[in-house]
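Me: I have a model to go through with you. Let's take it in short questions and answers.

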Amino acid sequence: MIKKKNKMKRPDAATSIELYRTMLRIRLAEQKITEVYPTDKIQSPIHLSVGQEAIAAGVCGALAHGDHVHGTYRGHAFYIAKGGDMKRMFAELYGKDTGCARGKGGSMHLADPDAGLMSCSAIVASTIPVATGDAYASSRQGRKRVVVSVFGDGAIDEGVFFESVNFAVLKKLPIIYVLENNWYAIHSKVPERRKQLDLYRVAEGLGLTGEKFDGNDASTVYNAASAAVASIRKGGGPRLLEFTAYRWHEHVGPGVDFHESYRRKNEQALAQKNDPLKLAKADLTKRCKVKPELFAQWEAELRREVDEAVDFAEKSPFPTVENLFQDVYAESL
Ligand SMILES: Cc1ncc(C[n+]2csc(CCOP(=O)(O)OP(=O)(O)O)c2C)c(N)n1
Ligand SMILES: [Mg+2]
């Protein structure tokens, strides 16, 4: 059962504004990516999170700076929400030496350890064991850090998810498994892949009880993540949070494919109705009395930030041949 959002206490005005601004920052950055992409200046494949912004904003809004996130190839949203540097993200998409992975990773391998975004990967489910290992290290070192492992509904079809969860439950690790359920793994729907549709229950047999929430509502996500973080900081052990969401763009690339046969006819209208930015804007207008001029001011400010990042990426140099062999192996510890 999805928890009813109208029964919950909403975050205070300052937090709600921050959640909205984070979602807008993600949306504008990804809109810019769709504009630039046809020029071929971005060479790597791109997987957009338009429509799914509330999950990254709400989860990261509940974390402290020192907490860690491990994401997926659909990583722009969590990179930005965790405080990753916008200029270094665009430079990475452009394959430039100033990029967050020095141009070696592209869109699917974003990381900004200074911000706590530790890894993203093109291989489905592959950052789940890495995040679990990170949580194990934090726990062994006696840190208060919370680690978040983000993955899609397709990733729970992988064995490594179960191996990781079993270990986390056994060792009571400080980790939140965040399941972004956008109903599709590329073109295949959840019911085409499994009979049990309550994905949050997928690891019950291992001792991990999950919960499911509306991932279109940033306040709901924020509250759910805050409760999980508080429980983990008190030593409560791992949690699994499933957030329902909807991907607006094609699986990979800048286009939209609502006309494709794998989607139902009414999905585009539903997506627009549940637009997380639209919902948050309505709430801010009604509950927090935010005026249209302020929304316009934020948008102008964040557009400038994105434009400056693109300019930085365009003017940055490509890596040299020598760079290719740097940062490949860790220096000995
Ligand atoms: C191990 C592995 N198997 C298959 C693929 C091909 N692949 C790339 S994305 C994807 C779908 C994953 O769907 P989901 O986990 O729901 O994430 P979403 O793309 O919906 O965010 C697949 C099968 C891959 N990258 N890695
Ligand atoms: Mg999916």
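**Helix packing and local features**

Helices (H or I, at least four residues) and strands (E, at least two) are DSSP runs, numbered from the N terminus. This is a predicted model: local features need pLDDT of at least 70, side-chain atom pairs count only at pLDDT 80 or more, and totals for chains, interfaces and linings use all residues. Residues are numbered from 1 along each chain as its sequence is written, with chains lettered from A and ligands numbered from 1 in the order in which they are written.

Me: At what angle do helix H1 and helix H7 pack?
Reply: H1 spans residues 13-36 and H7 spans 218-233. Axes are lines fitted to C-alpha atoms, for helices over the stretch in contact, and angles run from 0 to 180 degrees between N-to-C directions. The axes are 10 Å apart, and the angle is about 110 degrees.

Me: Which orientation class does that give H1 and H7?
Reply: Under 35 degrees counts as roughly parallel, over 145 as roughly antiparallel, 65 to 115 as roughly perpendicular and the rest as oblique. The angle is about 110 degrees, so H1 and H7 are roughly perpendicular.

Me: Which residues of H7 meet H1?
Reply: Contact requires C-beta atoms, placed from the backbone, within 7 Å. On the H1 side are Thr15, Ser16, Leu19 and Met23. Their partners in H7 are Ala218, Ser219 and Tyr222.

Me: Is the crossing of H5 and H6 left-handed or right-handed?
Reply: The axes of H5 (residues 127-140) and H6 (residues 159-170) come within 9 Å and cross at roughly 15 degrees. That makes H5 roughly parallel to H6. The crossing of H5 and H6 is left-handed.

Me: Is Ala125 buried or exposed?
Reply: Ala125 sits in the loop between strand E2 (117-119) and H5. Buried needs 20 or more other C-beta atoms within 10 Å, exposed 12 or fewer, partly exposed in between, with C-beta atoms placed from the backbone. Ala125 has 20, so Ala125 is buried.

Me: What is phi of Asp40 near?
Reply: Asp40 lies in the loop between H1 and helix H2 (53-61). Asp40 counts as exposed, with 7 C-beta neighbours inside 10 Å. Its phi is positive in a residue other than glycine, near 70 degrees.

Technical notes:
A crossing is left-handed if the near helix is turned anticlockwise from the far one by less than a right angle, and right-handed if clockwise. Two residues are in contact if their C-beta atoms, placed from the backbone, lie within 7 Å.
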